[in-house]
Amino acid sequence: MRAFVHALVGVIACLSGTLLHAVELIGEPQTRTTAYTATIQWRTDVECGTRLQFGLNPAALDRKAEGAVARDHTLQLDALTPATTYYFSVGSARAKLATGTFTTAGGTPAAAPQPSLIRRVLNVITPDKKEAPAVVPAQAPPTRQTWGHLDSLQDHFNRHGRDFSSKTPDDYAAKAWLFLQRARTESLPMKLDDTDGTLRVFDPSTRAFAAYNGAGMTKTFFKPGNPTYWQRQPGRVVKPADLRFSSR
Amino acid sequence: MKITPNFCPVCGYDKLAEPPRNRTGGASMEICACCGFQFGVTDDDNGVSIDDYRQRWITDGMPWTSAGKKAPKGWNPQTQLGSLALRATLSRVKGRPPRMAVSMV
């Protein structure tokens, strides 16, 4: 009887050791970066979920990426800002396994060109008229803040994502948001439909078209094939200064 | 029958996020989750009429097209098309329809 109890305890201990085995990281996470993307790879001793959180602040990793259950985990992060250090943590669905940092390529921003002598004299005479240069931000906010009806994003991406070589719905939504920022800084043609507040934007050089709701969130983004499409769009022509919403 | 302006004139799906056209004719740019018609693109850019698209959708077997939104529970495209036909009939009726004479036998 005693031998049987010992054997039973041994079996239970062996089983619990297998079932409750904590996932362990093998080696350190590997990172590869370009100016706008980063690839993070890591390996675990058993199969588990692929979870990664990252952000600019180590205390607030506000962006997430997920992958399949595997031993070898790889995630690619898109729409990053060049020459920026990001903090990340990797793990499974249940545990955080490691933390780290990576810095995107791109070097330091180019130095501003030296103003001409006349410009410098004018700056001295009228210093208060100096304006901040218009800059298009390199990174879009999270998709939930930029896309109007989130449950429609997948369908718009499936239909129009290839117009902009977008790899994911989030990438597509980010490009749509950046298009609006560029339209505002470069004064691309815009039409505002006062009936429902829809803003339509068109870039004649790339033939990109987008529509945004009254809050500046994207309704669609694509390249129309019809040459008269933009001319037939409703609304009154507006300038960036006429827009009521602030999408930055 | 609940009347909502957020219905698709192609397939009768009545849970669009907004009306397909506003009162001055501006398209919503929405893709109908049911039939896949995109207002302001399928028609204004691709030149496909609502009737032609509906005919093609019916020929294809009336599939649910959205990849991001699931069909409502109990969704039935035939019933939906029936509601669309009824809606079209109602919109053609001007004023109150004549009352039926009821004879007591």
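Reply: Begin with chain A: among its contacts between residues at least 6 apart in sequence, 53% join residues at least 24 apart. This is a predicted model. Chain A has 5 helices and 10 strands, and of its 248 residues, 36% count as buried.

Me: What makes a residue of chain A count as buried, and which residues of helix H4 are buried?

Reply: The cut-off is a relative accessible area under 20%. In helix H4 of chain A, residues 153-160, the buried ones are A:Leu153, A:Asp155, A:His156, A:Phe157 and A:His160. They pack against H3, H5 and strand E9 (218-222) of chain A.

Me: What does chain B contain in helices and strands?

Reply: Chain B has 2 helices and 0 strands. Of its 105 residues, 40% count as buried. For contacts in chain B with a separation of 6 or more, residues 24 or more positions apart account for 39%.

Me: How confident is the predictor in chain B, and which scores does it give the complex?

Reply: The mean pLDDT of chain B is 87, with 85% of its residues at 70 or more. For the complex, the predictor gives an ipTM of 0.84 and a pTM of 0.59.

Me: Why is B:Met29 called buried?

Reply: Its relative accessible area is 0%. Buried means under 20%, so B:Met29 is buried. B:Met29 lies in the segment before helix H1 (50-59) of chain B. It has a positive phi of about 70°, although it is not a glycine.

Me: Why does B:Met62 count as buried?

Reply: The relative accessibility of B:Met62 is 13%, and the limit is 20%; therefore B:Met62 counts as buried. B:Met62 is in the loop between H1 and helix H2 (77-92) of chain B. This residue, not a glycine, has a positive phi of about 55°.

Me: How do you know that chain A and chain B are in contact?

Reply: Contact means heavy atoms within 4.5 Å. By that rule, 24 residues of chain A are in contact with 22 residues of chain B. The area buried between the two chains is about 1800 Å², and carbon and sulfur atoms give 47% of it. On the chain A side, A:Asp155, A:Arg159 and A:Thr195 lose the most area to chain B, together 29% of what that side buries.

Me: What makes a space a cavity and not a pocket, and how many cavities of 30 Å³ or more does the search find?

Reply: In a cavity a 1.4 Å probe fits but cannot get out, whereas a pocket is open. The search of the whole structure finds 1 cavity of 30 Å³ or more. The largest cavity holds about 130 Å³ of space. Its lining has 15 residues, and the closest to its centre are A:His149, A:Ser152, A:His156, B:Glu30 and B:Ile31. H4 and E9 of chain A are the elements that give two or more residues to this lining. By class, the lining has 4 nonpolar, 5 polar and 6 charged residues.

Me: What is the volume of the largest pocket, and which residues are closest to its centre?

Reply: The volume of the largest pocket is about 550 Å³. Of its 23 lining residues, A:Phe54, A:Arg63, A:Lys64, A:Thr143 and A:Asp170 are the closest to its centre. Strand E3 (63-77), helix H3 (143-146) and helix H5 (169-186) of chain A each supply at least two residues of the lining. E3 of chain A gives the largest share, 7 residues.

Definitions and conventions:
Residues numbered from 1 in each chain as written. Chains lettered and ligands numbered in written order. Predicted model: local features only at pLDDT ≥ 70, side-chain atom pairs only at ≥ 80, totals over all residues. Heavy atoms only, no water. 1 Å grid on protein atoms, 1.4 Å probe; cavity = no way out; pocket = protein on both sides within 12 Å on 5 of 7 lines; lining within 4 Å. Points joined across faces, edges and corners; volume = space filled by probe spheres on them. Helix = DSSP H or I, 4+ residues; strand = E, 2+ residues; numbered from the N terminus. Buried < 20%, exposed > 50% of the residue type's maximum accessible area, 1.4 Å probe, protein only. Nonpolar A, V, L, I, M, F, W, Y, C, P; charged D, E, K, R; others polar. pLDDT = per-residue confidence, 0-100. Buried area = accessible area lost by both parts, 1.4 Å probe.
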